[in-house]
Amino acid sequence: MKNEHGSAPSVVGLLLVGMLVGGCGDGTAPEADTAPAVLAEVSQEATTPYWDTPKRDHCRSLGLRQWSAVLLNVPWGQSASSWCQRTPVTIENRWTGYPRACIQVLWNMWGEFDVPDSSCAPWWDTPKRDHCVSASHRQYSAIIRDVPPGMTADAACWQTRLNVQGYVVSARRCSADVLGQWWGEFDVPDSACAPWWDTPKQDHCVSTTHRQHSAILRNIPPGGDGLAYCWSKPLTVAGRTASARRCSADVLGQVWGEFDFSDSSCAPWWDVPQVKGCQDSGRQLYASIIRNIPPGMSAEAACNSTGGTFGGQRFARPQRCKADLLGQWWGEFEAVDPQCNPVTECTDPAPPSDAFAKVGNDGSVSCDAFCANRDANWGARGTCVKGRVNSGLHAGQCVPCRDVPAQQGDTNVTCYCRAPAVGFADLHNHQFANLGFGGRVFHGEAFGPIQEALPWCTAAHGPGGVGDLTSYFQKLFTGPRLERLLPGHHVGGYPEFDGWPRWDNVMHQAVYEDWLYRAVQGGLRLMVMLAVNNESIAGVVQRAPGVDGSDMQSVDMQLDAAWRMQADIDARAGGPGKGWYRIVTTPAEARQVIAEGKLAVVLGIEVDDLFGCSRTGGCDAARVEQFLDAYHARGVRHVFPVHLKHNVFAGPALYSPIQWLLEVPPQRDCSAEGYTYLHNIVWPPVCSPVGLTDLGRVLVQGMMRRGMIIDIDHMSARAFDDTLDLVEPYGYPVVGGHEGFIGISKGSSRHEGNRSAEQLQRIRDVGGMVGVILHQGGLDTVDTWRGEGQPVVEHRCGGTSQTWAQAYLYAVKQMGGRNVALGTDYNGLAGLPAPRFGADACFDGKELEQTSRVSYPLSISTKTGPSRLYPSMVGNQVFDVNEDGPAHVGMLPDFIEDLRRQGIRNQDLDPLMNSAEHYVQMWERAYAAPKP
């Protein structure tokens with residue numbers, strides 16, 4: 001038999017029991033003295049039953065385990081079952097209780113105890129790591145173990161939680177395998193289940209700041225939408241994170257994401273620059289091809305928006321972009337370079353002591369505009385000296401007046417300004433030349449309704465302008481080009497103006513009142529209006545009715561016209577003295593008119609036979625004095641003793657073939673004096689041998705006594721010396737109203753009509769003044785001037801403002817920095833500067849393509865008048881100095897701005913921009929000087 005607590009009793013055990021109970025093995029009872037010994041021994045032990053060491057058995061139910069033990073020391077003859085039921089046991093020092101059941105097994109009484117035991121719960125075998133079931137969870141599976149009696153494996157699976165990776169989870173699914181083992185499936189959070197991007201591939205640039213990277217999305221959970229995961233899963237590259245810009249599946253079903261990451265290497269960049277040389281701006285030109293242009297961006301756009309460093313200067317973008325024949329785009333950068341221009345506004349970064357600081361320029365306008373209040377009232381008005389960048393790409397650096405800081409990445413600038421200029425003077429203007437030369441050949445009136453004053457010129461010049469031979473010959477002299485070999489010109493006056501006014505057309509009105517007023521708005525404050533004529537021309541052309549062509553008739557007509565124009569403008573302005581055109585006869589009057597922002601007009605005379613005095617007779621000293629009184633009474637204050645022809649007062653400077661057409665002048669060899677003008681290839685350089693005559697001395701001294709202005713231009717070198725010898729003892733000033741200069745001249749331009757440095761010194765010493773004629777010559781006749789402490793404007797565009805700049809800077813240096821004005825010679829048949837751009841660019845020689853254009857509106861910084869000036873509009877035409885040059889007098893402000901564009905500073909232009917005041921001061925000295 002077999003009991004619950006052990007195997008079947010052994011044979012030996014059964015025999016021992018029989019011996020104890022029934023006697024010896026031979027069937028006899030035990031000896032009497034043996035049993036009492038045993039009993040006595042037993043009686044000496046404790047008489048209380050107790051449990052033998054408990055044995056840990058199986059689990060009986062969820063949370064309970066059966067323990068069993070044998071009850072020992074049951075008193076003899078007492079019921080073991082009774083003692084079993086009432087004898088407690090302590091198991092593992094943690095539980096004490098009575099048996100649930102008492103079972104007699106052979107001679108032993110066993111107790112069975114139900115002890116709480118957490119280990120009697122079902123438990124999961126080592127879990128197996130399965131696949132991911134979502135982007136955030138992974139499936140684990142395990143077999144349920146130790147299912148207690150009375151509990152199904154299925155129930156144990158559902159009720160028993162599993163601890164995996166620190167997560168305690170219940171089964172998502174329970175099922176039995178073919179071996180009858182129950183498996184639980186659990187969803188456990190697992191970051192490794194999220195989709196992830198494979199190693200990204202660096203692709204192309206998609207903009208100037210971003211490059212595309214692409215990668216395959218891996219680890220997409222079963223049943224998951226790969227494209228949805230692509231859109232929601234960012235990618236990190238080099239510490240930068242971005243979401244997909246595009247998601248797509250390839251032919252293999254792989255999901256690709258495309259991402260845009262910032263990448264400085266995606267910006268376009270400049271190839272190795274070429275140094276192109278010094279430019280018209282006075283700066284070094286660097287040219288470079290733009291490279292690395294991103295998709296979707298044009299090369300032109302990339303060029304115009306890409307900065308760089310050239311010549312040590314940082315640029316936010318190029319000044320210009322150009323495409324070559326290969327379609328490559330070149331950026332051009334002009335950097336300040338002392339080799340090109342040793343003196344700029346920024347040569348000395350410290351502001352001058354007489355400048356005031358003007359803050360608040362956000363970089364959107366130049367300091368020229370900001371100082372002048374061109375676009376708004378930004379504070380005290382002035383003339384720019386320089387600027388300083390406070391914030392931006394060039395913080396702490398100087399900025400030239402004409403530069404727009406924002407175009408180079410600068411956003412806050414302090415501008416340094418001087419007090420506004422008084423205004424400039426034109427010392428040589430023939431406003432009413434239409435009344436000279438016979439009164440018909442020169443077309444256009446100076447004032448009146450424009451449709452009447454400036455009609456088509458067919459009546460004067462014939463159909464197609466073929467009768468305008470003077471302009472035709474002038475064109476030939478200024479440079480015969482194929483298109484200029486044929487006579488004629490467009491004749492359209494108001495409103496077309498398709499052929500005039502032009503820089504190369506000398507027989508049309510260029511000083512019409514509207515144009516002159518624009519010059520006044522741009523800073524012109526004093527003009528010497530010279531009545532002009534040439535009897536030789538008037539004698540060969542068709543004259544107007546009642547006109548004899550004589551010098552003094554022409555002078556009288558022009559002086560009268562000036563007074564009529566003043567009256568006409570006054571009437572339109574509200575009465576006498578109200579108009580802007582004011583003829584002045586004293587320095588005080590001139591100063592008052594200038595202070596009011598109006599134009600002070602000084603009347604003068606420039607003719608061959610002054611007062612009708614000819615070499616054939618008719619004039620003596622007394623008559624000269626009478627004429628001086630008469631014309632002084634008519635308002636004349638500025639007089640030329642001599643013009644083109646040898647007259648009774650002096651010998652003329654010889655410099656033009658026209659003079660030999662008028663007459664064969666007396667001449668002498670003057671090569672030893674440094675003159676090189678050749679009338680022909682046979683004769684040596686020639687000058688006039690005639691100085692100031694006796695009657696000329698009477699004229700000069702008579703003018704001095706009346707405080708009149710003596711203009712020494714057109715005098716021979718000897719006449720000049722004689723005149724200065726007369727005035728120097730009195731400190732009486734003289735004027736050279738429309739000068740050129742030996743010091744910058746070469747070839748045929750070194751003639752006595754131009755002033756030498758020594759002559760300028762003598763003019764300067766008596767407090768005199770010079771005006772620089774607009775048309776100076778070309779590349780073959782005028783050198784680049786390099787004056788100490790002055791900017792250098794390389795002369796590489798002949799017959800333009802660039803040529804004039806050489807003469808102006810030279811004159812300023814020789815005159816000690818003052819008393820230098822314009823001497824335009826408008827309407828004087830002398831020609832005008834050509835433009836630097838367009839079809840007629842650099843007409844008298846070009847060595848360099850010009851780049852630095854004038855931009856509109858202009859900034860005007862005179863004490864009175866407007867602060868801005870828009871392009872000149874004449875009828876249907878808009879005039880732009882870049883391509884039209886100073887075609888009429890109203891373009892003088894534009895012409896001055898063109899000088900600034902070529903590197904001439906405002907402080908260099910101070911003598912010019914204050915020349916109206918300097919003329920008045922000179923005139924005052926003439927009044928105050930001792931008289932002969």
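Tyr927 sits in helix 24, which covers residues 915-928; helices here are DSSP runs of H or I with at least four residues, strands are E runs of at least two, and both are numbered from the N terminus. The model is a predicted one, so local features need pLDDT of at least 70 and side-chain atom pairs count only at pLDDT 80 or more, while totals for chains, interfaces and linings use all residues. Residues are numbered from 1 along each chain as its sequence is written, and side-chain values use heavy atoms, with hydrogens and water left out.

Back to Tyr927. Its relative accessibility is 36%, so Tyr927 counts as partly exposed (buried is under 20% relative accessible area, exposed is over 50%, and partly exposed is in between, with a 1.4 Å probe and protein chains only). Leaving aside residues up to four places away in sequence, Tyr927 touches Thr585, Thr586, Pro587, Arg637 and Gly707, where contact means heavy atoms within 4.5 Å. With Thr585 there is also a polar pairing: a polar atom of the Tyr927 side chain lies 3.3 Å from the backbone oxygen of Thr585. Ala717 is 210 residues away from Tyr927 along the chain, and their C-alpha atoms are separated by 26 Å.

Ala717 leads on to helix 18.

The axes of helix 17 (residues 694-705) and helix 18 (residues 717-727) come within 11 Å and cross at roughly 40 degrees. That angle makes helix 17 oblique to helix 18. Axes are lines fitted to C-alpha atoms, for helices over the stretch in contact, and angles run from 0 to 180 degrees between N-to-C directions; under 35 degrees counts as roughly parallel, over 145 as roughly antiparallel, 65 to 115 as roughly perpendicular and the rest as oblique. On the helix 17 side, Arg697, Val700, Gln701 and Met704 meet Asp722, Thr723, Leu726 and Val727 of helix 18.

With helix 19, helix 18 packs at an angle of about 25 degrees, the axes being 11 Å apart. That makes helix 18 roughly parallel to helix 19, and the crossing is left-handed. Helix 18 brings Ala717, Phe720, Asp721, Leu724 and Asp725 to this contact, and helix 19 brings Gln759, Arg762 and Ile763.

Elsewhere, helix 22 (residues 892-901) is mostly covered, with 10 of its 10 residues buried. Among them are Leu892, Phe895, Ile896 and Arg901. Just after helix 22 comes Gly903, with a positive phi of about 100 degrees.

Finally, Asn373 is found in the loop between helix 7 (367-372) and strand 30 (383-392). With 11% relative accessibility, Asn373 counts as buried. Beyond residues up to four places away in sequence, Asn373 touches Lys358, Trp378, Gly379, Ala380, Arg381 and Ser867.

How values were computed
Polar contact = N/O pair within 3.5 Å; in protein donor to acceptor, adjacent residues only side chain to side chain. Left-handed = near helix turned anticlockwise from the far one by under 90°.
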